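Subject: Structure handed over, with notes

Dear colleague,

Please find the structure below, followed by my notes on what was found in it.

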Amino acid sequence: MVADTGEVYVGDGAWLACLWALADYRALADRLARPDLLPVARRIVKTASALRERYREPYYGGDDERSECADDRCG
């Protein structure tokens, strides 16, 4: 994730920053960022990601079939 300031967030910082960016989840992001809860947060995110991968619709995230977007200049 790249912030407006140009800072780059990777790893735990990236998904915590994305969660924090959602106003309704800022308090949760602040709590999960604590060193004692970060390992739990990692497991939650890993589990959620695995479930999303398992239950997503077929072809979700596959090749983009829209020819107008083939060169990454959609719109």
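This is a predicted model: local features need pLDDT of at least 70, side-chain atom pairs count only at pLDDT 80 or more; totals for chains, interfaces and linings use all residues.

Residues are numbered from 1 along each chain as its sequence is written, and side-chain values use heavy atoms, with hydrogens and water left out.

Overall fold. The secondary structure comes to three helices and zero strands, and along the sequence the pattern reads α-α-α; helices (H or I, at least four residues) and strands (E, at least two) are DSSP runs, numbered from the N terminus. Of the 75 residues of the chain, 13% count as buried, where buried means under 20% relative accessible area, exposed over 50%, and partly exposed in between (1.4 Å probe, protein chains only). Among contacts (heavy atoms within 4.5 Å) between residues at least 6 apart in sequence, 16% join residues at least 24 apart.

The core. Leu16, Leu19, Ala29, Leu32, Leu38 and Ala41 make up the largest nonpolar core, a nonpolar core being a set of buried Ala, Val, Leu, Ile, Met, Phe, Trp, Tyr and Cys residues joined through side-chain atoms within 4.5 Å. Each of α1 (12-21), α2 (26-32) and α3 (38-55) supplies at least two residues of this core. In α1, the residues Ala14, Leu16, Ala17 and Leu19 are buried, and the cover over the buried residues of that helix includes α2 and α3. Ala29, leaving aside its neighbours within four places in sequence, is in contact with Leu16, Leu19 and Trp20. Ala41, which is placed in helix α3, is buried at a relative accessible area of 1%, and with the neighbours within four places again left aside, Ala41 is in contact with Trp15 and Leu32. The C-alpha atoms of Ala41 and Leu16 are separated by 9.2 Å, although these residues are 25 apart along the chain.

Helix α2. Arg26 lies in this helix and is partly exposed, with a relative accessible area of 33%; not counting residues up to four places away in sequence, Arg26 touches Leu19, Trp20 and Ala21. Leu28 also lies in α2 and is partly exposed at 31%, its C-alpha atom being 9.3 Å from that of Leu16, twelve residues away in sequence.

The surface. Val2, Val8 and Val10 form a nonpolar surface patch with about 310 Å² of accessible area together; patches are made of residues with over 30% relative accessible area and no salt bridge, with like charges joined within 9 Å and nonpolar side chains (Val, Leu, Ile, Met, Phe, Trp, Tyr) within 5 Å. Val8 is placed in the segment before α1 and is exposed, at 58% relative accessible area.

The structure holds one salt bridge, defined as a side-chain nitrogen of Lys or Arg within 4 Å of a carboxyl oxygen of Asp or Glu. Asp36 forms this bridge with Arg34, with the closest N and O atoms 2.7 Å apart, and Arg34 counts as partly exposed at 41% relative accessibility.

With best wishes

Conventions
Accessible areas come from the Shrake-Rupley method with a 1.4 Å probe; for residues, only the protein chains shown count as cover.
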